[in-house]
Amino acid sequence: LGICRGMQLINVIYKGTLIQNLDNDVLNKIHRGEPDKSHPVNIKKDTLLYDISHEENGQINSAHHQAVETLGEGLIASAVSNEGIIEAIERKNKLNQPFLLAVQWHPERMFRFQLENTPLSKNLRERFIEEIKKSIANKNESH
């Protein structure tokens with residue numbers, strides 16, 4: 001699970017590129033914040049994120065000045081802001097692959113907007129814990 005800069009790093013590891021600075025005034029008002037800003041996000045069906053959230057759109061927090069520009073090889077954008085900023089990425093081909101999901105928002109900080117129990121925070125947290133448990137169980141079975 002990549003969060004914020006972790007998503008950006010995962011994209012670069014997969015040979016993607018970043019917008020180095022969201023220097024547009026409109027984008028800065030929506031995505032850059034100290035404290036976080038809150039804004040809508042659109043989730044694509046037939047993605048891992050949709051399977052986790054069961055939502056086509058939701059509300060997320062934002063505090064970033066960089067963003068994915070060109071997707072890395074083998075990745076898809078599973079969530080995009082209304083302004084076209086990629087907000088979540090995952091593997092295009094998930095078959096027989098370990099869990100990989102990266103989000104631009106901070107699910108652990110969504111309590112600031114009373115959003116900690118929404119599908120884009122709570123469901124994501126629960127799924128990640130489930131994946132960790134599966135990974136530990138698989139490791140124990142192989143020994």
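Student: What covers the buried residues of helix H1?

Tutor: The cover includes strands E1 (2-3), E2 (17-19), E5 (67-70), E6 (75-81), E7 (86-91) and E8 (101-103). Helices (H or I, at least four residues) and strands (E, at least two) are DSSP runs, numbered from the N terminus. The model is predicted: local features need pLDDT of at least 70, side-chain atom pairs count only at pLDDT 80 or more, and totals for chains, interfaces and linings use all residues. Residues are numbered from 1 along each chain as its sequence is written, and side-chain values use heavy atoms, without hydrogens and water.

Student: Which residues of H1 are buried?

Tutor: In H1 (residues 5-13), they are Met-7, Gln-8, Ile-10 and Asn-11. Their directions from the helix axis to the C-beta atoms fall within an arc of 160°, so they line one face of H1. On the other side, Arg-5, Leu-9 and Ile-13 are exposed.

Student: Why is Asn-11 called buried?

Tutor: Buried means under 20% relative accessible area, exposed over 50%, partly exposed in between (1.4 Å probe, protein chains only). Asn-11 has 0%, so it is buried.

Student: What makes the pair of Asn-11 and Thr-70 a polar contact?

Tutor: A polar contact is a pair of N or O atoms within 3.5 Å; within protein, one must be able to donate a hydrogen and the other to accept it, and residues adjacent in sequence count only if both atoms are side-chain atoms. Here a polar side-chain atom of Asn-11 lies 3.1 Å from the backbone oxygen of Thr-70.

Student: What makes a nonpolar core?

Tutor: It is a set of buried Ala, Val, Leu, Ile, Met, Phe, Trp, Tyr and Cys residues joined through side-chain atoms within 4.5 Å. The largest one has 14 residues; Leu-49, Leu-101, Trp-105 and Leu-120 touch the most other members. Strand E3 (37-43), helix H3 (48-53), E8 and helix H4 (119-141) each give two or more residues. H3 gives the largest share, three residues. Apart from this core lies another, of 11 residues, among them Ile-10, Val-68, Leu-75 and Ala-102.

Student: Which residues is Phe-99 in contact with, leaving aside neighbours within four places in sequence?

Tutor: Contact means heavy atoms within 4.5 Å. Phe-99 has such contacts with Leu-1, Leu-48, Ile-52, Arg-91, Arg-127, Phe-128 and Glu-131. Phe-99 sits in the loop between E7 and E8. Phe-99 and Leu-1 are 98 residues apart in sequence, but 7.8 Å apart in space, C-alpha to C-alpha.
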